[in-house]
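You asked for some notes on this chain. They are set out as numbered points below the structure.

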Amino acid sequence: MSDNTPKWTVGIDPGSDRSAWAIWSGERFEAHGIAPNERMVEELTAALYLSAANQTGRPERVALVIEQVCCYGRPVGAEVFRTVWWSGVFKVRLGCSWPVCYVTKPQLCRWWLGKPGGTDAEIRGALIERYGKPGRSRKTPEGILWGIRADEWLAAAHAIALAEGIQTS
């Protein structure tokens, strides 16, 4: 791994009120979560520092990808505009420390499904197909995907795709 290659990639699935994030090390998820947008940057930053504490002490060689809202030719409401606004807030606040890029949902679908369209459930299925089913119990956590839930699935898909070289903007 060269000095410029990210050690960790972070995927963010933004929402109008809460957003999901996942930190991928190339072998496993170091941390993941869903947080209210007002606290998401602080929770993600704390998780990055906590993950780094076991290794270097400071999260270096981190790259972040945020799902970019794109036009599908349909009318949208205030919720979509709030999501776009929060995506910009995340880029500004996190971009001070680490490089941040965007990937659209059609790009992510092409990466995981081989087609420009697809559902969140199909992307989740592609992750499970590659890495296996997550464990079912806290007492016996199994697999790389253990604990991933709800919107964290797309954040996880973004993080892995970034690590593997998806084209970003």
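1. How many of the eight residues of strand β3 (residues 29-36) are buried? Six are, and the strand is mostly covered. The model is a predicted one, and the points that follow should be read with that in mind.

2. Strand β3 is paired with β2 in the antiparallel sense, over seven bridges. Within this pairing, Trp21 has Gly33 of β3 as its bridge partner. Four residues lie between the two strands of the hairpin, and there Gly26 takes a positive phi near 100°.

3. On salt bridges, the count comes to eight. One of them joins the side chains of Glu30 and Arg28, with N to O at 3.3 Å. Arg28 is partly exposed, because its relative accessibility of 46% falls between the limits of 20% and 50%.

4. A second salt bridge is that of Arg82 with Asp17, where the closest N and O atoms are 4.0 Å apart. This pair links distant parts of the chain: Arg82 belongs to helix α2 (residues 78-95), Asp17 to the loop between β1 (8-13) and β2 (18-24), and 65 residues separate them. Both partners are partly exposed, Arg82 with a relative accessible area of 36% and Asp17 at 49% relative accessibility.

5. Arg130 and Glu164 also form a salt bridge, with 2.4 Å between the closest N and O atoms.

6. Helix α4 itself has twelve residues. From its first C-alpha to its last it reaches 17 Å, close to the 16 Å expected at 1.5 Å a residue. Its buried residues are Ile123, Ala126, Leu127 and Ile128. As a reminder, an α-helix has 3.6 residues a turn, so residues three or four places apart point the same way. Among the elements that cover the buried residues of α4 are α3 (105-113) and α5. The helix is followed by Gly132, which has a positive phi, near 90°.

7. What do the buried residues of α3 pack against? They pack against β4 (62-68), β5 (100-104), α4 and α5. The buried residues in question are Lys105, Pro106, Gln107, Leu108, Cys109 and Trp112. Just after α3 comes Gly114, with a positive phi of about 75°.

8. How many disulfides are there? The count is zero. For Cys71 the reason is distance: the closest cysteine sulfur, in Cys70, is 7.5 Å from the sulfur of Cys71, too far for a bond, because a disulfide needs the two sulfur atoms within 2.5 Å.

9. Cys109, in α3, is buried.

Note on methods:
Residues numbered from 1 in each chain as written. Predicted model: local features only at pLDDT ≥ 70, side-chain atom pairs only at ≥ 80, totals over all residues. Heavy atoms only, no water. Buried < 20%, exposed > 50% of the residue type's maximum accessible area, 1.4 Å probe, protein only. Expected span 1.5 Å × (residues − 1). Contact = heavy atoms within 4.5 Å. Pairing = 2+ DSSP bridges.
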